[in-house]
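Trainee: Please give me a close look at one part of this model. I would like the metal site, taken step by step.

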Amino acid sequence: MAGGVFYASMNTIDRLLARADNALRTLSGAVHAARPNPAGPLQAEDLAPEDRQLAGALMRVNHVGEVCAQALYQAQALTARTDGMRRQMDRASREEGDHLAWTQQRLTELGARPSLLNPLWYAGAFGIGLLAGRLGDGVSLGFVVETERQVEQHLATHLDRLPAADQRSRAIVAAMKDDEARHADEAQGAGGQALPAPVTWLMRGAARVMTTTAHRI
Ligand SMILES: [Fe+2]
Ligand SMILES: [Fe+2]
């Protein structure tokens, strides 16, 4: 019995350490994509300075979105009630890790920096993920569906706003948009519950604060 309790608490410590490791990697930029960068074979265009600046700002916003995605999925994996749910959150988190690495690579190519407020975004998103997870797997999955749909719409607007010549950023954003749509579908298929309208409005409001701030800082 005592042994069982010991192993159970070792398991919990293991999981917490894994989450802490993810936070440090996400915030320090020590992330590696498992899949090749979608911009890989595309020629780097000579962008006009104002285009380069705009692309840098938009890709910084998308990088912050992926920092938040790591925090959300990590928190929701931590609070998952079943192993199946935990595996699904971890799988999605790994794909978001590709997005994180790709946007980070593009920021470097553009000579732009990541948001200075990333630790704050990570902490805020982690808190929201814990809250969603505490409400049960159905709500937690419903939160994933709504988040991913909102991100997918947001990325569609970036495909309109990114300079036409910036094929490398566009290829990354297009691939991310496809992945986010699939993440939403998978969470829906796994039993995601519809969220009350006021919650979805709140989420849109919070996303607007994040995107507006990250455009500059
Ligand atoms: Fe993503
Ligand atoms: Fe996603």
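Mentor: The iron ion (ligand 2) and the iron ion (ligand 1) are 4.0 Å apart. E96 coordinates both. This is a predicted model, where local features need pLDDT of at least 70, side-chain atom pairs count only at pLDDT 80 or more, and totals for chains, interfaces and linings use all residues. Residues are numbered from 1 along each chain as its sequence is written, chains are lettered from A and ligands numbered from 1 in the order in which they are written, and side-chain values use heavy atoms, with hydrogens and water left out.

Donors are N, O and S atoms within 2.8 Å of the metal (3.2 Å for Na, K and Ca); water is not among the atoms, so sites may look incomplete.

Now ligand 1. E66 gives two OE donors to this iron ion. E96 (OE), H99 (ND1) and E180 (OE) complete the list of protein donors. The distances run from 2.0 to 2.5 Å. In sequence, the donor residues are spaced E-x29-E-x2-H-x80-E. E96 lies in helix α3 (residues 83–110) and E180 in helix α6 (residues 167–189), so the pair ties together parts that are 84 residues apart in sequence. Helices here are DSSP runs of H or I, at least four residues, numbered from the N terminus.

Are these two buried or exposed? Both E96 and E180 are buried. Buried means under 20% relative accessible area, exposed over 50%, and partly exposed in between, with a 1.4 Å probe and protein chains only. E96 counts as buried because its relative accessibility is 1%. E180 also has a relative accessible area of 1%, so E180 is buried.

Next, Q150. Q150 sits in helix α5 (residues 137–161). Its relative accessibility is 10%, so Q150 counts as buried.

Terms used. Helix = DSSP H or I, 4+ residues; strand = E, 2+ residues; numbered from the N terminus.
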